[in-house]
Amino acid sequence: MLITQLKAKETITSLTAGKKVFVINCHGCKEVHFPEKEAVELQKELVAEGNVTGIVTTDYICNPENMELRLKKHMDKIREADLVLVFSCGVGVQTVAEYLEDKTVCAACDTYPVPGFQGVTPLEYKCDQCGECYLNLTGGICPITACSKSLVNGQCGGSKNGKCEVDSEMECGWERIYRRLEEIGRLDLLKCPTQIHNFATDDDVK
Amino acid sequence: MESNFRTGLSDFYCFFYCMGEKWKIKADKYTGSNNFIKEGEQLENYTKYQLKSNEELSSLLEGKDNLYVIACNKCFKEFDAIDEPDCDEFLKFAAEQGKTVTGSTKVDFLCNKMHTERKLQDLLPEGTENVIVISCGLGIQTVADLAEKPVYAASNSLNYRGHHGMALTKKSCDACAQCYLNITGGVCPIVDCSKSLVNGQCGGAKNGKCEVDPNKDCAWEKIYQRLAKQGRLEEFLNQPVQVRDFSKVNFKVINDYVKSIREDRLNGYYGGVHPSERKEFSEHIALKKFPDPKTVVISMSQHLGAPANPIVQVGDLVKVGQKIGEASGFISAPVHSSVSGTVVAVEPRMHGTSGREVMAVVIESDGKNTLHESVQPHKPLEELTPDEIINIVKEAGIVGMGGAGFPTCVKLKPAKPVDTILLNGCECEPLLTADHRVLLEYADDIVFGLKAILKTTGAEKGIIVIEDNKPDAIEVMQEKVSTIGNMEVFVARTKYPQGAEKTLIKRVMGRKVPSGGLPADVGVIVDNISTVKAISDAIQTGMPLVERVATVTGEKIKNPGNFIIKIGTSVRELIDYCGGFTDDDVLVKMGGPMMGFPLHTLDVPMMKGSNGIIAIDTDETKEQPCIKCGRCVDVCPMELSPLYFVKYAKEENWQAMKDKNVMDCVECRCCQYICSSKIPIIDSIKAGKNAIRGMK
C-alpha cells in the first residue's frame with residue numbers, strides 16, 4: 001500500500017519531449033491514493049500533442065504474471081513507443097522495467113511510505129517494524145515513531161511546552177508516554193534497564 | 001540454541017534467538033497443497049510478527065496475572081491456516097508459568113480499527129487485569145488505544161523494510177518520495193545498492209559483487225548494463241548530481257494525509273470503493289427516443305420471483321400496453337406488449353442476465369404503435385386510495401428498475417410502518433447515466449411519483465438522494481422540491497455502492513438494516529428514480545411499464561447515448577444504432593461495469609431492469625493465491641470477510657460460510673474489484689448462497 005504523487009510537470013515533460021510515449025496507469029492502490037485526476041489531465045495533454053501510442057489502465061502491475069497477461073495485447077503499441085511512462089509506485093515501475101528490458105521505462109510518480117502498509121488499513125500512526133517492540137515499556141505508544149529522534153530511554157530534554165524541538169507541531173512522544181504510564185499506574189516501567197536498539201535488519205542476520 | 005524454535009508451522013523461516021542475536025535459517029521448502037505455486041517457486045511469507053523469546057516473555061509476565069490474550073491472524077501471507085499457532089503457543093507458555101488466563105481471541109486484521117473496535121466491545125471478561133496482544137506493532141497500538149486495561153506486546157514486529165506492492169514480490173521500493181528510476185533504467189539505487197548511492201558506484205565492487213554483501217550484485221553495475229543496452233549511457237552522464245532529500249518523507253504530513261483520506265473513505269458507511277466514473281461519455285447527451293424495433297422479444301422473467309405466464313398465442317394481434325403475461329404468484333409481475341403487431345412466437349429465448357433460455361413472447365411490430373384500450377389515465381392522485389394506487393402499480397407490471405427487479409407493489413405494502421421514502425438517484429455504477437438523464441428530464445414526474453408513494457405508504461417524508469457528481473440534477477431537483485414541505489434532496493459524496501439499499505439507508509438515515517432484514521425493518525422504503533417515473537406514468541397516462549431509459553456507452557462504443565427504449569428491443573440493434581464497436585476486443589455487459597452481467601451474445605432483449613449496455617475493454621488475468629492483504633475486508637460495505645468465502649467454497653464448507661453471514665452479501669463486487677490476486681470472489685459467494693438455500 002503506497003501513496004503516489006505525480007512528479008513535477010516539468011520533470012515529466014522533459015522526459016517525454018519529442019518522444020513517442022506509451023502510458024500505463026496502475027489503479028491497484030487507488031483506494032489508498034493515486035493522483036487520478038492529475039494523471040488524466042496530464043495524459044490528455046500528452047495525447048493532444050499527438051505523441052501517445054496507447055494508454056492502459058490496469059491494477060496491481062506489481063504482480064508480474066497478470067501484468068504480462070495484460071500488456072501482451074498492447075505489445076505493438078509498446079514497441080512503437082520510445083518511452084513507457086508508468087503511473088504507479090516504484091514497485092510497479094520496476095516490474096514493468098524488468099519485463100520490458102529493452103525499453104526506456106520511466107516513473108511519472110514519486111512514492112511515499114504509507115504508515116501501516118504492512119497492516120491492512122493505512123493508519124494515522126506508524127509501526128516502523130524495528131524488530132524489538134518497545135510498546136510494553138511505554139504504555140502502548142511507540143517511541144520509535146512518536147519521538148522524532150526515536151529515543152528508547154526517555155525524552156531528550158529538548159521539548160518546549162510539550163512540543164518536540166525537531167518539529168514544533170509534533171507532541172513530545174515521551175511526554176505522551178509519561179502521561180499514559182501515569183494513567184495506568186505504571187510509572188515504575190521507566191525504571192527498566194537501559195534499552196539498546198539493534199539496527200540490524202533481518203536481511204543482515206540471514 | 002533454545003527456546004522458541006517452532007516446528008510444524010507454515011513459516012518459511014524459523015527464528016532462533018541466540019545470545020541476544022537473531023539468526024534466521026531456511027526451513028524446509030514449502031510443501032503445501034496450493035496448486036497455484038509452480039515447482040521451484042515460493043510464495044514469500046511476509047508474516048509481520050513473531051513471539052518474543054521465552055525469557056523476554058517470562059520477565060514480561062512477572063507480577064502480572066489474569067491475562068486476556070488477543071492474537072492477530074496475520075496478513076500478507078498465504079491463506080493456508082485459519083488460526084495461527086502463536087496464540088496457543090503463548091497460552092501454553094502462560095499455563096506453564098502458572099498464570100490465570102481469563103480468555104483469548106483470534107482476530108483477523110487487528111489493525112482494522114472499525115472491525116476491531118466492534119469485536120472488542122464487552123470482550124474482556126470480569127477480572128481481567130492485563131491484555132496481552134500478539135500482533136505487529138500496528139495491532140498492538142490499535143488495541144492499546146481501545147482497551148481500558150494495560151496492554152502488553154508478546155510479539156516483535158519483523159523488520160521487512162520496503163515490501164510494498166500488493167503482490168508478494170521481492171523487496172524493491174523503499175518509498176523515498178523522489179523516484180530515481182528514470183535515471184537508472186528502472187533499477188532502484190536506493191534498494192539495490194547497499195549504500196543507497198544515487199550518483200554512481202562506490203568503486204568497492206569486486207567481480208560485480210557488492211563489497212558490503214558479496215552475495216549481492218552491484219546495483220550500479222546492473223544499472224550500467226541496463227543503460228548500455230538501451231543506449232542511454234550518454235544521457236546518464238549528462239545528469240546533474242542527485243542530492244537525496246530526506247525531509248521528503250515527513251511522517252506528520254503523511255499521517256495527516258492518511259487520516260484525511262481514511263475519513264473520506266469511511267464517510268457515511270464502512271467500506272466501498274471509488275472506481276473511475278467515466279460518465280463523461282454520455283452524461284451530457286440528452287435523451288432520444290430509440291427508433292422502433294421491427295421485432296421485440298419480451299421475456300416473461302424480467303423480475304425477481306416467479307416468471308409471468310404468457311396469455312397470448314402465436315397469430316394474436318396485440319397493441320401497445322396490452323397485457324401479454326400474467327403474474328403467477330405474490331412475488332411476480334405481469335408483462336405488457338411494447339409494440340402493436342402480431343405475436344410470431346411464444347417460446348424460450350436467450351435471457352440477458354440469467355444466461356439461459358427463458359419463456360418469451362416475440363412480437364412483430366406493425367409500426368403503428370396503436371394503444372390498447374386499457375391504456376387510460378386514472379383518476380387524479382387526490383382521489384385515488386392507497387389500495388387503488390398499489391393496484392395500478394401492480395397491473396402496470398412495475399418492478400425495481402435499478403436492476404434487482406423486485407415487484408414494486410409488494411414494497412409499497414410493507415409489513416411494518418414506514419416513515420421515510422428514499423429515492424435512489426445515486427447511480428453509483430461507473431459509466432451509466434440513465435438515471436441522471438431521468439432526473440434532469442422528468443423531474444416533475446419524479447415528484448409526482450414520490451407524492452403517490454408517500455400517499456400509499458403514509459410515510460412522512462420523501463428524500464431524493466443524488467451523488468455529488470451530478471450537480472445539474474441536484475439543482476433541478478432542489479428547485480422542484482423547494483416548495484414541497486415533505487420532500488428534500490440529499491446530496492451524497494460519490495462512493496460505490498452507495499445506491500445499494502442498505503448502504504443508502506446507512507448513509508442518509510444512519511440506520512442499520514439488521515442481518516437478513518429488509519429496509520422496512522428500519523422504517524424505510526427505497527425506490528429507484530426510474531421506477532418512480534414509471535409509477536407516475538402508470539397513474540397519469542395509464543401506460544404500463546413498456547419502455548425505459550437506458551445508456552449505451554463504454555470506451556468501445558463509437559457513439560454513446562441515452563435512449564428511451566422499448567422493452568424487448570435487441571441489444572444488437574442498440575449497438576448497431578450507436579455505430580458499433582471501435583474494435584473486436586470488447587466485453588459487453590448488461591448493466592454497469594461493477595454489477596452488470598457479461599453478455600455472451602448480443603441477441604438478447606432489453607428488460608425492465610436493463611439500465612444500460614456497456615462495451616468495455618477486455619481484461620485477461622489469472623487467479624493468484626490469496627495473500628491475506630485484507631483489502632476485501634476493508635472495502636466490504638456489509639462488513640463481511642470475503643476472503644473466507646473463497647476458502648470455504650473451495651472446501652465446500654457451506655455451514656462455515658453461513659456462519660460468516662454470506663447471506664448478507666449484496667454482490668456489489670467491491671471485494672472482487674479490489675482483490676490484488678484477481679480472485680473471482682463473487683463466484684464463490686454465489687455457489688455458497690445456492691448451497692445454503694438448498695440446505696433449508
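## Helix 14 of chain B

Strand 17 (420-425), strand 18 (461-467), strand 19 and strand 20 (524-528) of chain B are among the elements that cover the buried residues of helix 14 of chain B. This is a predicted model: local features need pLDDT of at least 70, side-chain atom pairs count only at pLDDT 80 or more, and totals for chains, interfaces and linings use all residues. Residues are numbered from 1 along each chain as its sequence is written, chains are lettered from A and ligands numbered from 1 in the order in which they are written, and side-chain values use heavy atoms, with hydrogens and water left out.

Helices (H or I, at least four residues) and strands (E, at least two) are DSSP runs, numbered from the N terminus. Buried means under 20% relative accessible area, exposed means over 50%, and partly exposed lies in between (1.4 Å probe, protein chains only). Seven of the nine residues of helix 14 of chain B are buried, so the helix is largely enclosed by the rest of the structure. The buried residues are B:K502, B:T503, B:L504, B:I505, B:K506, B:R507 and B:V508. Just after this helix, B:G510 takes a positive phi of about 70°.

B:P497 belongs to the loop between strand 19 (487-492) and helix 14 (501-509) of chain B.

## Aromatic pairs

Over all chains, a search of the whole structure finds five aromatic pairs. Rings of Phe, Tyr and Trp (its six-membered ring) pair if their centres lie within 6.5 Å; planes under 30 degrees apart count as stacked, over 60 as edge-to-face and the rest as tilted. B:W220 and B:F236 have ring centres 5.5 Å apart and planes at 45°, so this pair is tilted. B:W220 lies in helix 6 (residues 219-229) of chain B and B:F236 in helix 7 (residues 233-237) of chain B, so the pair ties together parts 16 residues apart in sequence. Both B:W220 and B:F236 are buried.

B:F290 and B:Y577 have ring centres 4.9 Å apart and planes at 70°, so this pair is edge-to-face. The pair links distant parts of the chain, 287 residues apart. B:F290 is in the loop between strand 9 (288-289) and strand 10 (295-299) of chain B, and B:Y577 is in helix 16 (residues 571-577) of chain B. B:F290 is buried at 6% relative accessibility. B:Y577 is partly exposed, at a relative accessible area of 36%. B:F290, B:F563 and B:Y577 form one aromatic cluster.

## Lysines over rings and a buried lysine

A charge sits over a ring if NZ of Lys or CZ of Arg is within 6 Å of the ring centre and within 35 degrees of the ring normal. The charged end of B:K64 sits over the ring of B:Y152, 4.6 Å from its centre. The charged end of B:K495 sits over the ring of B:Y269, 4.3 Å from its centre.

B:K556 is in the loop between strand 21 (547-553) and strand 22 (561-566) of chain B. This lysine is buried, with a relative accessible area of 8%. Contact means heavy atoms within 4.5 Å. Leaving out residues up to four places away in sequence, B:K556 touches B:G580, B:F581, B:T582, B:D583, B:D585, B:V586, B:A615, B:I616 and B:D617.

## Loops with positive phi

B:N207 is not a glycine, but its phi is positive, near 50°. B:N207 lies in the loop between helix 5 (189-192) and helix 6 of chain B. B:N207 is exposed, at 81% relative accessibility.

In chain A, A:S150 has a positive phi of about 50° although it is not a glycine. A:S150 sits in the loop between helix 6 (143-146) and helix 7 (173-183) of chain A. A:S150 is partly exposed, with a relative accessible area of 31%.

## Chain B as a whole

Chain B holds 21 helices and 25 strands. Its C-alpha atoms fill a box of roughly 95 × 70 × 50 Å along the principal axes. Of its 696 residues, 56% count as buried. Among its contacts between residues at least 6 apart in sequence, 70% join residues at least 24 apart.
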